[in-house]
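Visitor: I would like a close look at the surroundings of the ligand in this model. Could you take me through that part slowly, and then show me how the rest of the protein is put together?

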Amino acid sequence: MERKNNSAETILNVDRVQKTYRDQRSLFRKSAITVTALNRVSLEIQKGEVFGLVGASGSGKTTLARLVLRLEEFEAGSIRFHETEIRNLKGRNLRAFRRKVQMIPQDPYQSLNPYLSVQDTLLEPLSIHKIGTRTTRTEIIRESLEAAGLTPAEDFFLSYPHQLSGGQRQRAAIARAMVLKPEFLIADEPTSMLDASISFNIFRLLIDIQKKRQVTFLFITHDLAAARFFCDRIAVIYQGDIVETGTTEKVIQDPQSEYTKALIRAQPKFSFAKTTRPT
Ligand SMILES: Nc1ncnc2c1ncn2[C@@H]1O[C@H](COP(=O)(O)OP(=O)(O)OP(=O)(O)O)[C@@H](O)[C@H]1O
Ligand SMILES: [Mg+2]
């Protein structure tokens, strides 16, 4: 995909971030067994790009997302959003950051509150961040639902998550992530719970959102074919280490690390024609 922004501006800088967990199996032992989820991980994401983080299960992808969202602490390194170290954010600045950075979850069933209607689901972030008045909020919600392809929006206002199909539920989660007009979106395996044709439509929707709203994406996946379809650049992560970073085509055509090579060999789809992004 062409970059909209020629003068590159770094929106996210992850610098030698280290994150260790205590292995849950060792909670009752004296000497803790630790798991290095991220081992001095560094990456830079430019404003306006779709950056893919690709790796197998357990490689540390969600951990990185959680650190960037400031849902967890980390031991060493730094994460800067624009020029600000997120570790130091407090009060009003932390709230402003939370408004700018949103997440599209893997499983909308778990992330959407089953007791909230779609309208109330989208209202919640607006009231937390004190955005809009009673009337303008309805308008903002309508706009966000329609942008996520839930049209006409009114038909969905009073629906509850269990009344929606899987694809509609993921669209509602996307609408919720978009309602605050974030600058930066983290999509953590956003289609892994959906079947192939619905997941293709969700990709089209994300591409559409990216084009229209100029948001920057961190797209997390284990699927190199999905990354090729969607990402400008990718980083390949293996057991907490970034083993390779580059433009998606460069990494796929000319992989440098043995792990990336193995990942490519494991993708039968690559022996066929290149998947092209819809324009
Ligand atoms: N809260 C936690 N406590 C202990 N270990 C954890 C915790 N969260 C993650 N881990 C461990 O950290 C490592 C990285 O996990 P993470 O969830 O980031 O992987 P992932 O790449 O997102 O995997 P998946 O593709 O399955 O979602 C794994 O070994 C995991 O078991
Ligand atoms: Mg994960």
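Guide: Let's start at the ligand itself. Ligand 1 is surrounded by 13 residues, and the closest are Tyr 21, Ser 57, Lys 61, Thr 62 and Thr 63; a residue counts as near if its C-beta atom, placed from the backbone, lies within 6 Å of the molecule. Before going further, please note that this is a predicted model, in which local features need pLDDT of at least 70 and side-chain atom pairs count only at pLDDT 80 or more, while totals for chains, interfaces and linings use all residues. Residues are numbered from 1 along each chain as its sequence is written, and chains are lettered from A and ligands numbered from 1 in the order in which they are written.

By class, the shell around ligand 1 holds nine polar, three nonpolar and one charged residues. Here Ala, Val, Leu, Ile, Met, Phe, Trp, Tyr, Cys and Pro count as nonpolar, Asp, Glu, Lys and Arg as charged, and the others, Gly among them, as polar. Strand E2 (34-46) and helix H1 (61-68) each give at least two residues to this shell, with H1 providing the largest share, three residues. Helices (H or I, at least four residues) and strands (E, at least two) are DSSP runs, numbered from the N terminus.

Six of its eight residues are buried, so H1 is largely enclosed by the rest of the structure. A residue is buried if 20 or more other C-beta atoms lie within 10 Å of its own, exposed if 12 or fewer, and partly exposed in between, with C-beta atoms placed from the backbone. The buried residues of H1 are Lys 61, Thr 63, Leu 64, Ala 65, Leu 67 and Val 68. After H1 comes Arg 70, with a positive phi near 60°.

The other contributor, E2, belongs to an open sheet of four strands, ordered E2-E1-E4-E5 with antiparallel pairing. E2 and strand E5 (84-85) are its edge strands, each pairing on one side only. Two strands pair if DSSP finds at least two bridges between them. Strand E4 (residues 76-81) and E5 run antiparallel and are joined by two bridges, and Phe 81 stands opposite Thr 84 in E5.

Elsewhere, strand E9 (residues 233-238) has the highest mean pLDDT among the elements, 98, whereas helix H3 (residues 108-111) has the lowest, 79. pLDDT is the predictor's confidence in each residue, from 0 to 100. All six residues of E9 are buried. In a regular strand the side chains alternate between the two faces of the sheet. In E9 both faces are covered, with Arg 233, Ala 235 and Ile 237 on one side and Ile 234, Val 236 and Tyr 238 on the other.

E9 also has two strands as partners to look at. Strand E3 (residues 50-54) runs parallel to E9, with four bridges joining them; Phe 51 has Arg 233 as its bridge partner. Strand E10 (residues 241-247) runs antiparallel to E9 through six bridges, and Ala 235 is partnered there by Thr 245. The hairpin of E9 and E10 has two residues between the strands, and Gln 239 takes a positive phi near 45° in it.

Thr 151 and Pro 152 are joined by a cis peptide bond, with omega about -15°, and Pro 152 is in the loop between helix H5 (134-147) and helix H6 (154-157). Lys 181 has a positive phi near 50° and is partly exposed, with 14 other C-beta atoms within 10 Å. Gln 214, with a positive phi of about 55°, is exposed, with 12 other C-beta atoms within 10 Å.

Stepping back, the protein has 11 helices and 10 strands. Its radius of gyration, taken over C-alpha atoms, is 19 Å, close to the 19 Å of the globule rule for 279 residues, so the protein is as compact as a globular protein of that length; the rule is 2.2 Å times the number of residues to the power 0.38.

Finally, a word on confidence. The mean pLDDT of the protein is 90, and 91% of its residues reach 70 or more. Over residues 1-5, however, pLDDT stays under 50, as it does over residues 271-275. Where pLDDT is low, the predicted coordinates should not be read in detail.

Conventions:
Two residues are in contact if their C-beta atoms, placed from the backbone, lie within 7 Å.
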